[in-house]
Amino acid sequence: MQAVARYVYNTFKNSSIGMSNLIGPVEQMALANHPIKGLYFTLVGGPESLSITMISYVGKLRVAIRMEKGFMDSKKFSSCIENAFDMIFQAAVQDAPPSDS
């Protein structure tokens, strides 16, 4: 097991960005009879400077971004991410079939 951990760590230490996605539950979960409204995950302790993890939960995409302090200008990065999400949303709406209203 330690050999696998060493191999994975050595692979990551040679990269500056990590990206991962996970298909999550399609039905809402509960913990001690309390419904879980959102579910996120991120990898911590990794050597990369930027980590983006995505998970779907009950049909909604959740994105978590972790960035090393000082890696890049946070306001500029935030603006770029918002612009990218807007472009993805517009493309999805444009290609969506008409709804039966």
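Reader: Let me start with one residue. What is the relative accessible area of Thr42?

Author: In this predicted model, Thr42 has a relative accessible area of 35%, so it counts as partly exposed. The cut-offs are simple: under 20% is buried, over 50% is exposed, and partly exposed falls in between.

Reader: Where does Thr42 sit, and which residues are in contact with it?

Author: Thr42 is in the loop between E3 and E4. Leaving aside neighbours within four places in sequence, Thr42 is in contact with Ser51, Thr53 and Arg66. Now take a longer view. Asn83 is 41 residues from Thr42 along the chain, and their C-alpha atoms are separated by 22 Å.

Reader: Thr53 came up there. Is Thr53 buried or exposed?

Author: Thr53 has a relative accessible area of 1%, so it is buried. It is found in strand E4.

Reader: What surrounds Thr53?

Author: Begin with the contacts beyond four places in sequence. For Thr53 they are Ser20, Phe41, Thr42, Leu43, Arg62, Val63 and Ala64. Strand E5 covers 60-67, and Arg62, Val63 and Ala64 are among the contacts of Thr53.

Reader: And Met54, what does it touch?

Author: Met54 is in strand E4 too. Not counting residues up to four places away, Met54 touches Met19, Ser20, Asn21, Leu22, Phe41, Leu61, Arg62 and Val63. Its relative accessible area is 22%, so Met54 is partly exposed. Ile88 is 34 residues from Met54 along the chain, with 15 Å between the C-alpha atoms.

Reader: Let me zoom out. How many helices and strands does the chain have, and in what order do the elements run?

Author: There are two helices and five strands. Read from the N terminus, the elements run α-β-β-β-β-β-α. Now look at spread. The chain has a radius of gyration of 17 Å, well over the 13 Å that the globule rule gives for 101 residues, so it is more spread out than a compact globule.

Reader: What box do the C-alpha atoms fill, and what share of the residues is buried?

Author: The box is roughly 55 × 40 × 20 Å along the principal axes. Of the 101 residues, 14% count as buried. The accessible surface comes to about 8300 Å², and 60% of it belongs to carbon and sulfur atoms.

Reader: Now the helices. Where does Gln94 lie, and how far is its C-alpha atom from that of Tyr7?

Author: Gln94 lies in helix H2, residues 74-95. Its relative accessible area is 67%, so Gln94 is exposed.

Reader: Which residues make the nonpolar surface patch?

Author: Val4, Tyr7, Val8, Phe12 and Leu43 make a patch of about 470 Å². Val4 is in helix H1, residues 2-13.

Reader: What is the phi of Val58, and where is Val58 placed?

Author: Val58 has a positive phi of about 55°. Its place is the loop between strand E4 (50-57) and strand E5 (60-67). At 35% relative accessibility, Val58 counts as partly exposed.

Reader: One more loop residue. What does Lys37 touch?

Author: Not counting residues up to four places away, Lys37 touches Gln28, Tyr57 and Arg62. Lys37 lies in the loop between E3 and E4. At 74% relative accessibility, it counts as exposed. Lys37 and Ile52 are 15 residues apart along the chain, and their C-alpha atoms are separated by 21 Å.

Reader: Last point. Which residues does the UniProt domain annotation cover?

Author: The unreviewed UniProt entry annotates residues 3-88 as "domain: O-acyltransferase WSD1 C-terminal". Over residues 3-88 the chain is 30% helix and 31% strand. The end C-alpha atoms of that stretch are 39 Å apart.

Conventions: Residues are numbered from 1 along each chain as its sequence is written. This is a predicted model: local features need pLDDT of at least 70, side-chain atom pairs count only at pLDDT 80 or more; totals for chains, interfaces and linings use all residues. Side-chain values use heavy atoms; hydrogens and water are left out. Patches are made of residues with over 30% relative accessible area and no salt bridge: like charges are joined within 9 Å, nonpolar side chains (Val, Leu, Ile, Met, Phe, Trp, Tyr) within 5 Å. Accessible areas come from the Shrake-Rupley method with a 1.4 Å probe; for residues, only the protein chains shown count as cover. A salt bridge is a side-chain nitrogen of Lys or Arg within 4 Å of a carboxyl oxygen of Asp or Glu. Helices (H or I, at least four residues) and strands (E, at least two) are DSSP runs, numbered from the N terminus. The radius of gyration is taken over C-alpha atoms; the globule rule is 2.2 Å times the number of residues to the power 0.38. Buried means under 20% relative accessible area, exposed over 50%, partly exposed in between (1.4 Å probe, protein chains only). Contact means heavy atoms within 4.5 Å. UniProt positions are given in the numbering used here, feature names are shortened, and annotations may be inferred rather than shown by experiment.
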